[in-house]
Amino acid sequence: YGFINTCLKSLVVEKYGEETWEKLRLQAGVQDSFLTFEVYKDEITMQLVDKACKVLGVPADIVLREFGKYFFEFCKRSGYDHMLRTLGGNLYEFIENLDALHSYLSLSYQANIEVLVLFCFFLQEMNAPSFRVEKNEDGSMHLHYYSDRRGLCHIVPGIISAAALDFFNIEISMKIVNQTEEEERTGKKEHIVFLVTQNPLFPCKERNEFSSSSQCLLESENQIENQLNKEDLEKAKNANGDRGNSVCPVKKSHWKTLRGIIALGKGKLLRGFDPVYPKSLWIDTKTFCNGLPFHMVFDKELKVKQAGVSIQKIVPGLQTMGICLDQYFRIVHPEVPFTISSIQKFINSQFVFQTRREMMPESWKERPMLELRGQMMWMESLQCMLYLCSPLLRSLHELEERQMHIADIAPHDVTRDLILLNQQRLAEMELSNQLERKKEELRILSKHLEEEKKKTEALLYAMLPQHVANQLKEGKRVEAGEFKECTILFSDVVTFTNICAQCEPIQIVLMLNSMYLRFDRLTTVHDVYKVETIGDAYMVVGGVPVPVPTHAERVANFALGMIMAAKGVQNPVSGNPIQIRVGIHTGPVLAGVVGEKMPRYCLFGDTVNIASRMESHGVPSKIHLSSSAYQCLKYKNFEITERGEIEVKGKGKMHTYFLIRNKAATENEIMGKP
């Protein structure tokens with residue numbers, strides 16, 4: 001389920017960071033997020049574990065053990081700790097009831113929350129892992145683990161040790177003592193036997209409190225025994241009811257009688273509990289079979305000795321006492337052969353029986369087969385097995401499919417309530433699944449929206465300076481700014497009017513696009529701001545909108561790059577490289593945003609006019625400099641030649657120069673190539 005993969009992602013992100021997860025995910029070829037109750041292939045989880053071992057450089061057993069510990073904490077954070085705590089009062093009971101937890105979850109959630117089995121980790125639509133625990137005389141335990149999924153056994157110590165420390169305050173060590181292909185159960189499963197040893201963790205304070213409590217209990221016992229007389233004891237017995245007198249054939253001391261009556265602290269008995277049994281069973285056979293309508297008793301040869309009335313109604317063959325049980329039923333869980341010895345070995349597990357279709361009445365053969373779920377109890381004195389069970393039904397729909405009714409189930413059987421409650425729960429879970437899918441859709445849409453937002457911002461920043469664009473987005477007014485010194489460049493294509501007259505419009509568009517793509521890349525290389533393009537004219541400024549002392553050098557290097565880049569653009573008329581004129585001037589400008597519908601960042605001032613005149617009075621494939629631009633560049637490792645005085649329209653005579661090359665930079669550096 002997605003719950004498992006989400007947990008694995010959370011572990012990697014929390015311990016190693018987002019970048020490690022992204023690297024691992026890409027190598028495994030899986031998506032970034034997983035739906036909690038969506039079923040994913042086992043290969044995805046195994047691929048993630050395999051890549052985690054390679055990326056992190058850690059052996060698989062350590063990765064799986066750490067994942068097991070983290071998975072336990074992940075389940076707690078997800079709200080399942082209360083359910084897990086109630087499984088048992090000690091580690092033995094906890095492990096012993098893991099299979100029962102799976103049985104409950106698969107029934108009540110219709111296999112949608114099976115993530116909790118071993119805490120159901122490896123369970124999807126295949127058989128769940130199964131556990132069997134044996135106590136040893138030295139206090140250790142042997143934990144038998146069965147699973148269809150091979151190679152995942154190292155998760156078990158991680159989860160069990162985390163649960164032992166959190167729930168029971170004990171440290172345990174687990175080591176594999178046997179690993180086989182199991183033979184006792186049907187099907188081929190991995191059978192791992194762990195030796196579990198426990199080391200209690202009592203802090204000093206807690207240990208002292210425990211010792212003083214024991215002493216206090218002993219003193220309390222002696223005090224009560226001295227104070228209570230026989231008359232008080234008789235009253236205590238009478239308070240328990242007349243039945244107590246008839247069911248206690250063995251004489252007991254005063255204290256032994258009181259220990260079932262007097263409690264100390266929060267409902268805890270002073271001593272252990274000893275049950276009392278009647279001399280004979282006070283229930284007749286008919287009442288027993290009606291009160292427990294789904295039960296069966298069978299002997300070592302699997303011959304049926306007794307059956308409840310409801311199971312007789314569904315499987316009429318059981319009315320013939322002495323028939324073999326395995327003729328009418330097969331064992332679904334646990335996967336063991338249908339023999340007394342196999343059942344006794346897994347007697348602590350919940351057993352699921354399913355009726356055999358060929359033995360059912362004709363009216364039942366078109367319906368889904370009935371499944372029974374319950375526990376086995378061995379009766380030593382009778383040498384028989386009692387199977388106390390209930391119909392395994394998850395919803396009203398399943399009840400109707402088998403043409404059964406609530407009345408067929410005993411009033412005391414919680415299966416009645418479970419079926420009704422599960423209807424509401426399934427509806428809630430379906431709603432939860434829909435909400436989760438919508439959440440995932442919104443996340444994807446949000447991601448796409450963010451990508452589109454970045455594209456829009458990139459387009460906006462190409463039209464306007466970033467700080468200006470941000471001010472406009474925030475609805476602020478952008479004030480015009482004065483820049484005392486900047487360098488402006490203009491360029492145009494030589495004989496552009498003649499080219500346009502002799503070519504198709506599309507050829508002109510392709511030529512200009514090819515040229516401008518090259519120029520635009522150079523603006524990034526030399527960090528200059530592209531103001532605008534009009535036809536074949538290209539305008540660039542250095543030192544605006546962010547003032548920098550190197551504005552002239554940047555624009556000069558950009559101009560040299562333009563001349564080189566233009567050689568790669570073909571004239572559609574002649575087939576030769578195009579020629580451009582470039583003019584540069586340095587001086588003060590006023591800059592601001594003009595317009596609202598199509599705002600533009602424009603430059604104003606005589607500096608713009610002079611830069612334009614430098615371009616229009618320039619020479620093909622040459623960079624024409626004004627005297628102010630020359631003053632900024634003459635000591636900056638540029639080779640510059642003097643042009644002399646020329647007549648400039650509207651400005652009179654001006655002394656100008658030509659920029660030849662940068663003596664300190666190579667052609668590749670100018671073009672921004674490695």
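Visitor: With which residue does Glu479 form a salt bridge?
Guide: This is a predicted model, in which local features need pLDDT of at least 70 and side-chain atom pairs count only at pLDDT 80 or more, while totals for chains, interfaces and linings use all residues. Residues are numbered from 1 along each chain as its sequence is written, and side-chain values use heavy atoms, with hydrogens and water left out. A salt bridge here is a side-chain nitrogen of Lys or Arg within 4 Å of a carboxyl oxygen of Asp or Glu. For Glu479, the closest N and O atoms are 4.0 Å apart, and the partner is Arg477.

Visitor: Are Glu479 and Arg477 buried or exposed?
Guide: Buried means under 20% relative accessible area, exposed over 50%, and partly exposed in between (1.4 Å probe, protein chains only). By that scale both Glu479 and Arg477 are exposed.

Visitor: How many residues apart in sequence are the parts that Asp492 and Arg581 tie together?
Guide: The side chains of Asp492 and Arg581 meet in a salt bridge, 2.9 Å from N to O. Strands are DSSP runs of E with at least two residues, helices are runs of H or I with at least four, and both are numbered from the N terminus. Asp492 lies in strand S13 (residues 481-493) and Arg581 in strand S16 (residues 580-594), so the distance in sequence is 89 residues.

Visitor: Is Asp492 buried or exposed?
Guide: Arg581, its salt-bridge partner, is buried. The state of Asp492 is likewise buried.

Visitor: In what order do the six strands of the open sheet stand?
Guide: Two strands pair if DSSP finds at least two bridges between them. S7 (residues 295-299) pairs with S12 (residues 384-391) over five bridges, and three bridges join S7 to S8 (residues 304-307). The pairing in the sheet is antiparallel, and the order is S8-S7-S12-S11-S10-S9.

Visitor: Which strands stand at the edges of this sheet?
Guide: Each edge strand has a single partner strand, so one side of each is left without a neighbour in the sheet. The edges are S8 and S9.

Visitor: What is the bridge partner of Phe298 in S8?
Guide: S7 and S8 form a hairpin with four residues between them, and Leu302 in the turn has a positive phi of about 65°. Phe298 and Met296 point one way from S7, with His295, Val297 and Asp299 pointing the other way, and all are buried. In S12, Phe298 has Met385 as its bridge partner. In S8, the bridge partner is Val304.
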